[in-house]
Amino acid sequence: MRNLLCTAILAMLCPLTSAQENSHWPTQDGVFVISNFRFGSGETLPQLRLHYLTLGKPHRDQNGHTDNVVLLLHGTGGDAHSLLNPIFSDVLFGPGQPLDISKYFIILPDDIGHGASSKPSDGLHARFPRYDYDDMVKTQHAMLTEGLKVDHLRLILGTSMGCMQSFVWGETFPGFADALAPFACLPTQIAGRNRMMRYMAVQAIEQDPQWMGGDYKTEPLQGVRTAVELTLIMGSSPLQMQKQAPTRAASETYVDSYLKNRVPAVDANDLIYQFQASRNYDPSAHLDRITVPVLYINSADDYINPPELGIAETLAKKMPRCRFILIPTSDATRGHGTHTVAAVWKDYLVQLLQGSAPSASAPHQ
């Protein structure tokens with residue numbers, strides 16, 4: 001049940017794999033530190049730590065530009081290990097696969113507020129700077145260019161929050177990547193039911209008396225529990241949940257097991273910041289700046305980004321080389337978590353890479 005449950009819900013509150021499951025990939029750890037980083041809010045941090053993992057080796061073309069680097073961006077609450085999930089990595093990273101690590105240099109960062117990068121739970125708690133997606137992309141760019149000496153990307157592939165960051169990347173640094181692959185999001189402000197759920201999750205924690213304005217000594221468990229319950233619904237896959245829990249008893253056991261595993265692993269302030277990072281996200285006005293090939297994929301059973309809104313199809317037209325795919329609900333899809341099930345969309349990725357291959361003389365930006 002665990003693997004199916006994990007793929008059925010948000011990367012955000014689900015440890016997709018254990019360290020043991022990931023051990024067969026020869027990752028290298030790295031840390032990039034930015035001194036006196038100034039956030040978009042005007043706040044600063046004396047030292048901003050960004051942790052990342054890499055696979056493979058960088059290659060440079062005849063002009064000295066990196067030409068095989070792939071940036072993989074995780075979802076809300078995930079980290080650099082999230083996309084090492086076997087249902088993603090085993091399908092893409094092996095010999096002859098689309099992102100074969102003998103050919104590509106793959107970078108998987110921990111975003112601000114996540115994993116081993118700087119975050120509220122390090123000690124500042126609710127006094128940690130109010131980061132947003134623009135800050136995340138800005139620091140990713142610095143990590144690449146200043147830390148890893150990467151001046152060009154072959155591909156940016158992002159899931160969920162990483163999907164939204166992919167659009168921000170495309171607008172903020174046009175042409176820095178040959179292609180974009182945003183999976184499971186909408187390129188517009190987070191509103192409607194999506195924002196309501198995020199707002200309720202944050203409110204559940206902040207209205208718990210044990211939260212104490214973020215200076216709690218022990219976790220505000222009731223607030224955290226309610227927030228985690230909301231994320232379970234947000235990332236749910238009705239077809240798979242019905243299959244896994246076809247009776248009342250099985251359904252209740254499913255929930256109890258999930259909460260038992262997840263609630264103790266959540267820091268309340270980290271969770272609040274992760275949800276609030278999307279507060280000013282809205283790339284819709286400048287999507288026409290994204291002129292590189294874009295493979296934009298959502299799934300029909302995604303509760304967070306429901307297809308009946310029609311937003312994805314409309315906004316995809318603003319990007320001149322965007323191909324939007326809505327994957328029909330099937331036994332292979334996992335709701336919002338379909339973004340990690342690479343077998344479902346692998347062939348589309350192959351087509352994107354083939355169609356976006358730059359010529360040897362193409363200038364890098």
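Me: What makes the contact of Asp-331 and Lys-243 a salt bridge?

Reply: The term requires a side-chain nitrogen of Lys or Arg within 4 Å of a carboxyl oxygen of Asp or Glu. In this predicted model, the closest N and O atoms of Asp-331 and Lys-243 are 2.5 Å apart, so the pair counts as a salt bridge. Asp-331 sits in the loop between strand S8 (322-327) and helix H12 (342-355), and Lys-243 in helix H8 (residues 238-244), 88 residues apart. Helices (H or I, at least four residues) and strands (E, at least two) are DSSP runs, numbered from the N terminus.

The model is predicted: local features need pLDDT of at least 70 and side-chain atom pairs count only at pLDDT 80 or more, while totals for chains, interfaces and linings use all residues. Residues are numbered from 1 along each chain as its sequence is written, and side-chain values use heavy atoms, with hydrogens and water left out.

Me: Why is Lys-119 called buried and Asp-122 exposed?

Reply: Buried means under 20% relative accessible area, exposed over 50%, and partly exposed in between (1.4 Å probe, protein chains only). Lys-119 has 16% and is therefore buried. Asp-122 has 51% and is therefore exposed. The two residues form a salt bridge, with the closest N and O atoms 3.4 Å apart.

Me: How do you know that Asp-215 and Arg-127 form a salt bridge?

Reply: Their N to O distance is 3.1 Å, which falls within the limit, so the pair qualifies. Asp-215 is in the loop between H6 and H7, and Arg-127 is in the loop between strand S4 (105-109) and helix H4 (133-147), 88 residues apart. Asp-215, at 33%, is partly exposed, whereas Arg-127, at 52%, is exposed. A search of the whole structure finds five salt bridges.

Me: Why are H7 and H9 called oblique to each other?

Reply: Angles under 35 degrees count as roughly parallel, over 145 as roughly antiparallel, 65 to 115 as roughly perpendicular and the rest as oblique. The axes of helix H7 (residues 221-234) and helix H9 (residues 248-262) cross at roughly 125° and come within 10 Å. That angle belongs to the rest, so the two helices are oblique. Axes are lines fitted to C-alpha atoms, for helices over the stretch in contact, with angles from 0 to 180 degrees between N-to-C directions.
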